[in-house]
Amino acid sequence: MIEYRNLRIALLGGGSVGAQVAELLLKNGDELASRAGAGLELIGVAVRDIAAPRTTDIPAHLLTTDATSLILSADIVIELIGGLEPARSYILQAINSGADVITANKALLATHGPELFDAAEQVGAQLYYEAAVGGAIPIIRPLRDSLAGDTVKRILGIVNGTTNFILDLMETTGESLESALATATALGYAEADPTADIEGYDAAQKAAILASLAFHTTVPLESVYREGISSVTLAQVESARKAGYVIKLLAICERVTDPVTGVEGVSARVHPALVPTGHPLAAVHGANNAVFLEAEAAGDLMFYGAGAGGIETASAVLGDLVSAARRHVIGGPGVAESTHANLPVLPITSVTTRYQIILSVVDQPGVLAEIAGVFSDNGVSVEAVAQSAGSGAGPLARTDDSSSTATLVIGTHEASEAALAATVAALEASNVVSSVVSVLRVEGL
Ligand code: NDP
Ligand code: HSE
């Protein structure tokens, strides 16, 4: 029997995720209440337009456009509006009125997280955000609680479903990026403005959230290095496949030591990368997400599943709701974000990794030695070189002008970003290099 009073739940947003949360809460409320130890009463759903079509039937009497009145009557506020404003103001209003808050809003957390966490700490409230990274995949709570006794060394994440879907389609069907994006948009994976997906902004927001949690350090969104997938070509995908790699848009959060200054800190970056086909992340297909994590004691862990979707994301939101309700029953202040480590957040230039560089070069004696010299002059150690005749403009196959040009595929040992950038600049200036066809980082070896 539930002895605790009914907790009043305000839902802000009745869109893809909000409508599913409302339906599941109304349908499974008694069971969730038993798990939480308190009744869970949905007191209203704030939307922009009461007459707008919804993916589930939200009872008309629950719908309102007066978000503020709803917030001020609630014990727990679920924010599923998205964007920065009015979501930020509504969350602050909820916290300052003593409510706990649940949000899936990665853009808001990555931009204004510290302000919201501070506000919650001031009043002893708690902000829950399991759905903000990886949709249905439990990753926030594992980082925050399960791994609180360990040291996370590195995270490699596929955290944007749209770009994974696109790269996977390019890899498996040879579809162009533009056409694959149109399919992803039609299937509802992409953000309203798909630039957020394609150019890596969405993944960068998630990287900032993951890195902050993993390293107990506030990692501002501006410090996350970001490259999207808009310049990835079918030729690169094909070359990668031939060399035993797949191209994935990765969010990489890691502890790093700057190779020049020796400063120890953390870094977060988002960019396309070559991943060996045998790595678990290479097997993440379609719009799925996965977070591969290396911890000092736990070793390698992987979290995998649906990174988006209304009902899938609703699962994570409702998990947070049960946690928030349990906390009400137990009482006491919320647990503040752990940012005590306050490690330096280092720029991409402090990172070292491996690279694959594809060059179209003049096919004549001495060229290989000259190019090897460019690498060694810039302190980049070459691990492997493969040569084929042809221009290198397409996949590594012979082409009509094979008599005068050759393609070199050069794999490096670990090198710093700065050394690699200097190498590429020198290659571009070299008389024997017709063009630098592709430069990609190699991760997961
Ligand atoms: P939608 O755009 O589908 O829904 C947004 C909802 O918010 C709509 O019901 C809209 O009302 C309402 N709304 C917008 N502005 C206001 C306002 N000013 N006042 C009151 N209500 C407002 O978004 P999603 O459900 O897709 O996403 C919600 C959140 O979840 C976002 O932060 C998103 O990043 C996050 N998320 C989404 C995932 C997904 O797969 N969709 C996955 C993981 C996270 P109306 O319906 O009347 O227009
Ligand atoms: N557009 C996002 C994605 C939705 O493709 O992953 C989930 O955050």
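In this predicted model, helix α6 (residues 161-173) and helix α7 (residues 177-186) have axes that come within 9 Å and cross at roughly 130°, helices being DSSP runs of H or I with at least four residues, numbered from the N terminus. The axes are lines fitted to C-alpha atoms over the stretch in contact, and angles run from 0 to 180 degrees between N-to-C directions. The two helices, α6 and α7, are therefore oblique to each other, since angles under 35 degrees count as roughly parallel, over 145 as roughly antiparallel, 65 to 115 as roughly perpendicular and the rest as oblique.

Contact here means heavy atoms within 4.5 Å, and on the α6 side it involves Thr162, Phe165, Ile166, Leu169 and Met170, which meet Leu177, Ala180, Leu181, Thr183 and Ala184 in α7. By class, this contact of α6 with α7 has 8 nonpolar, 2 polar and no charged residues, where Ala, Val, Leu, Ile, Met, Phe, Trp, Tyr, Cys and Pro count as nonpolar, Asp, Glu, Lys and Arg as charged, and the others, Gly among them, as polar.

A second pair is formed by helix α12 (residues 367-377) and helix α13 (residues 417-429), which pack at an angle of about 150° with their axes 9 Å apart, and α12 and α13 are therefore roughly antiparallel to each other. Ile371, Val374 and Phe375 of α12 make the contact with Thr423, Ala426 and Leu427 of α13, a set with 5 nonpolar, 1 polar and no charged residues.

Residues are numbered from 1 along each chain as its sequence is written, and chains are lettered from A and ligands numbered from 1 in the order in which they are written. Local features need pLDDT of at least 70, side-chain atom pairs count only at pLDDT 80 or more, and totals for chains, interfaces and linings use all residues, while side-chain values use heavy atoms, with hydrogens and water left out.
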